[in-house]
Amino acid sequence: MSKPAAPVMVDIRAVHKSFGALEVLKGVDLEVRAGEVTVILGPSGSGKSTLLRTINHLEKVDQGWISVDGSLIGYRRSGSRLYELRERDILRQRTRIGFVFQNFNLFPHLTVLENIVEAPVSALKRPRREVTAAARGLLDRVGLADKADSYPRQLSGGQQQRVAIARALALEPGVLLFDEPTSALDPELVGEVLDVIKDLAHQGTTMIVVTHEIGFAREVADTVVFMDDGRVVERGSPGDVLDAPRHERTRAFLSKVL
């Protein structure tokens, strides 16, 4: 008897996004199921990062809609029309969608521990003592228990990115989004960040990862998505997309990066 499919955590339907005359997303459809890791590959300018930013409404969609864990993101539906939510309601939704940026985005004036504690206390109104204890546990989880009182400037890029991951986890999100999390790192620091993400994957964290790391995609992804020119060209298992791609555009891309 086959195992029942996990529920859909992220549902993206017919999403379009333009910046002025430039159409960046051209009708993207994508489903990500709970507990799965989806890796998005594609050339620069293909729309990968823009798609990621629409999932938590950092970018507003022009057409289509996105839901996370059954909730429409950024909008409420009234009949056949969508109306944008108030900013405070959008911010509340974002607490359930962790986002790890390319360039860490840590607060330079706060210690590592304070960076992690800030959002759960201010956004979710959790008790500071409880949040601080949880934050120390997260630092231990990403291998930085001894850096709680350091400031971001005192850390390597890889360490800063691991703090950023711990900060995202502190809100206990339903899904984690990674926007090229290793692209700003020196090559020797890439592995330490990917190891943390792999550990999260093994623990069943729902993740969408935009990356150029093909080996990581092969090892960790449940689904690999190849995007080009604002569209999903191909999606499937790592074996299907990376080893036996059906589309010429996917083959051409992989021939340059493998």
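In what order do the six strands of the open sheet stand? The views below take up this point in a predicted model.

**View 1. The open sheet of six strands.** The strand order is β8-β9-β10-β3-β11-β12, and the pairing is mixed. The edge positions belong to β8 (97-100) and β12 (231-236). Each of these two has a single partner strand, so one of its sides is left without a neighbour in the sheet. From one strand to the next, the twist averages 20°.

**View 2. The pairing of β11 with β12.** Strand β11, made of residues 223-228, runs antiparallel to β12, and five bridges join the two. Methionine 227 has valine 232, in β12, as its bridge partner.

**View 3. Helix α5 on the sheet.** Residues 157-169 form helix α5, which packs on the sheet and touches β8 and β9 (175-179). The direction of helix α5 makes about 170° with that of β8.

**View 4. The chain around the sheet.** The chain holds nine helices and 12 strands. Its radius of gyration is 18 Å, close to the 18 Å that the globule rule gives for 258 residues, so the chain is as compact as a globular protein of that length. Along the principal axes, the C-alpha atoms fill a box of roughly 50 × 50 × 50 Å.

**View 5. Burial, contacts and surface of the chain.** Of the 258 residues, 52% count as buried. Among contacts between residues at least 6 apart in sequence, 64% join residues at least 24 apart. The chain exposes about 12,500 Å², and 47% of this area comes from carbon and sulfur atoms.

Definitions and conventions. Residues numbered from 1 in each chain as written. Predicted model: local features only at pLDDT ≥ 70, side-chain atom pairs only at ≥ 80, totals over all residues. Heavy atoms only, no water. Pairing = 2+ DSSP bridges. Helix = DSSP H or I, 4+ residues; strand = E, 2+ residues; numbered from the N terminus. Axes fitted to C-alpha atoms, helices over the stretch in contact; angles between N-to-C directions. Contact = heavy atoms within 4.5 Å. Rg over C-alpha atoms; globule rule 2.2 N^0.38 Å. Buried < 20%, exposed > 50% of the residue type's maximum accessible area, 1.4 Å probe, protein only. Areas by Shrake-Rupley, 256 points an atom, 1.4 Å probe, with all protein chains shown as cover.
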